[in-house]
Amino acid sequence: MSGSISTEWISSEGNYKFRYRRVDVSGKLQYDTTAVRHNSDLDALRVDAGLYGLFEKGKWNVFAYHYTSERGVPGAIVNNVWKRSERLWDRNSFLQGSFEWNFRPRLSMRVNTKYAFDYTHYMNNNTDIKLTDNIYKQKEFYFSWAGKWAVTKNWDVSVAYDFQWNDYVGFDVNKDPDKEHPMNTARRGTHYLSAATAFTVADRLKVQASLLGTLVDEEKRERDQAPNKSKLTPGIFLSYQPWKRHDLVFRAFHKTAYRMPTFNDLYYTDMGNPALLPETATQYDAGVVYDLLREQRIFRNFHIAADVYYNNVKNKIVSWPQGPQFRWTTINLGRVDIRGIDVSAACTLAFPHEWTLTGKVQYTYQKAIDVTNPSDTYYRDQIPYIPWHSGSAIASLSWGTWSLNYSFIYVGERYNQQENIIYNHTQPWYTSDMTLMKELRIRGVRLRLTAEINNLFAQDYDVILNYPMPLRNYKFGLTVEL
């Protein structure tokens with residue numbers, strides 16, 4: 001049996017200076033100013049622990065997690081507004097476990113279970129908008145059982161049952177200080193029944209097929225009534241390796257995905273949308289993967305993958321901020337057409353004296369347009385906050401028990417509303433982060449120390465319009481494994 005314990009504490013001040021520049025889509029500078037971001041303080045503590053064990057025909061693990069925080073919610077950059085009154089308290093805890101048992105040479109099973117409790121307290125004392133003091137509590141229980149039968153060496157069959165139970169209750173403390181009369185409640189039980197098979201033909205063609213049945217029981221809704229739901233979603237996955245001596249694989253899949261709106265989408269604050277409909281997506285993907293492995297050489301391995309995809313989404317669930325940052329607008333878009341390309345590559349170089357250099361790059365092109373109604377002014381416009389171009393690059397240098405990591409993230413231009421007009425244009429942003437890690441072993445106890453520098457070059461950028469992100473900031477962590 002083995003285990004691990006890790007903890008992380010974060011504390012930051014509530015105000016910081018930043019430079020805020022706004023450039024329109026034509027490149028014209030609209031304004032360039034230096035200001036102070038108020039109400040950005042954060043105190044957070046995370047603690048988690050895990051136990052892992054092996055037995056003759058299987059393995060098990062148990063994991064516990066707790067996170068608590070108090071923070072200010074910074075507002076948008078608005079002229080002549082200097083005070084922000086939003087506060088947010090969070091407590092998130094869960095306990096989960098997993099058990100795997102190979103009880104026969106060709107029969108195996110796996111059981112996962114989880115219980116979680118989430119507590120959120122949101123307060124806004126700004127009398128110019130609306131006094132708000134709301135508490136939200138959610139409970140979740142999850143159980144999953146899956147069994148697999150290896151019919152032959154090249155053919156597997158599996159069945160699975162998952163059950164998820166969610167319970168939500170919200171209170172308006174201004175109207176109900178004693179929290180005796182909830183402003184809304186909801187309870188949902190979701191059953192997932194699935195069957196899948198996978199087989200290999202001539203050690204080259206791999207085929208997987210699955211059928212998932214989802215049954216949603218809306219047990220209790222106090223604020224609105226919603227019918228129970230059921231959906232069958234099939235999927236098929238293919239991969240083909242033309243040459244045994246070369247690890248070149250062509251792959252493709254077609255599947256249907258079904259997504260229910262969360263209780264956060266439906267009920268949090270007065271901007272929740274209880275009329276949200278489930279999202280259904282039909283997905284197609286085709287791609288190629290190539291791997292090269294060369295042991296005991298400087299150029300140790302190389303990986304490259306490319307995929308093209310098309311998604312046809314009905315009732316797509318999208319959210320973006322309007323007004324206070326805690327209150328996001330969530331709506332259904334009737335039809336969304338998504339086409340894209342994903343490309344990624346990675347390689348590892350091994351040098352003498354335990355030096356290793358690893359590099360990874362990734363690029364995504366995505367065109368996600370609203371095709372609901374031709375009479376809409378935003379018909380065939382890119383949906384809010386989805387960039388056409390995005391990518392990342394990661395470099396990791398390790399030596400013995402030391403490692404140094406650098407990451408670069410780039411997000412291209414977007415639009416912050418449904419209409420793709422100059423006024424709604426949002427500039428690209430990019431940022432660099434660096435992490436130094438050291439591992440120690442003291443009397444059988446493994447320690448991992450980390451030091452992070454985020455936004456290394458103090459770039460001015462905002463992910464969400466008018467909400468500039470912090471400049472250079474730091475984080476330190478400690479992980480203990482027993």
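Ala, Val, Leu, Ile, Met, Phe, Trp, Tyr, Cys and Pro count here as nonpolar, Asp, Glu, Lys and Arg as charged, and the others, Gly among them, as polar. The model on display is predicted, so local features need pLDDT of at least 70 and side-chain atom pairs pLDDT 80 or more, while totals for chains, interfaces and linings use all residues. Residues are numbered from 1 along each chain as its sequence is written, and side-chain values use heavy atoms, without hydrogens and water.

Begin with the whole chain. Its 482 residues are 37% buried, buried being under 20% relative accessible area with a 1.4 Å probe, protein chains only.

Next, select Val 313, Val 318, Leu 333, Val 336, Ile 338, Ile 383 and Tyr 385, which touch the most other members of the 14-residue largest nonpolar core. Such a core is a set of buried Ala, Val, Leu, Ile, Met, Phe, Trp, Tyr and Cys residues joined through side-chain atoms within 4.5 Å. Strands E15 (299-321) and E16 (328-351) each supply at least two of its residues; strands are DSSP runs of at least two residues, numbered from the N terminus.

Now centre on Leu 333. Beyond four places in sequence, its contacts (heavy atoms within 4.5 Å) include Val 318, Asp 370, Ile 383 and Gln 418.

Finally, show the lining of the largest cavity: Leu 333, Asp 370, Tyr 378, Asp 381, Gln 382, Ile 383, Pro 384 and Gln 418. A cavity is a set of points on a 1 Å grid over the protein atoms alone where a 1.4 Å probe fits but cannot get out, and lining residues have an atom within 4 Å of a point. By class, 4 of these residues are nonpolar, 2 polar and 2 charged.

Definitions and conventions
1 Å grid on protein atoms, 1.4 Å probe; cavity = no way out; pocket = protein on both sides within 12 Å on 5 of 7 lines; lining within 4 Å. Buried < 20%, exposed > 50% of the residue type's maximum accessible area, 1.4 Å probe, protein only. Helix = DSSP H or I, 4+ residues; strand = E, 2+ residues; numbered from the N terminus.
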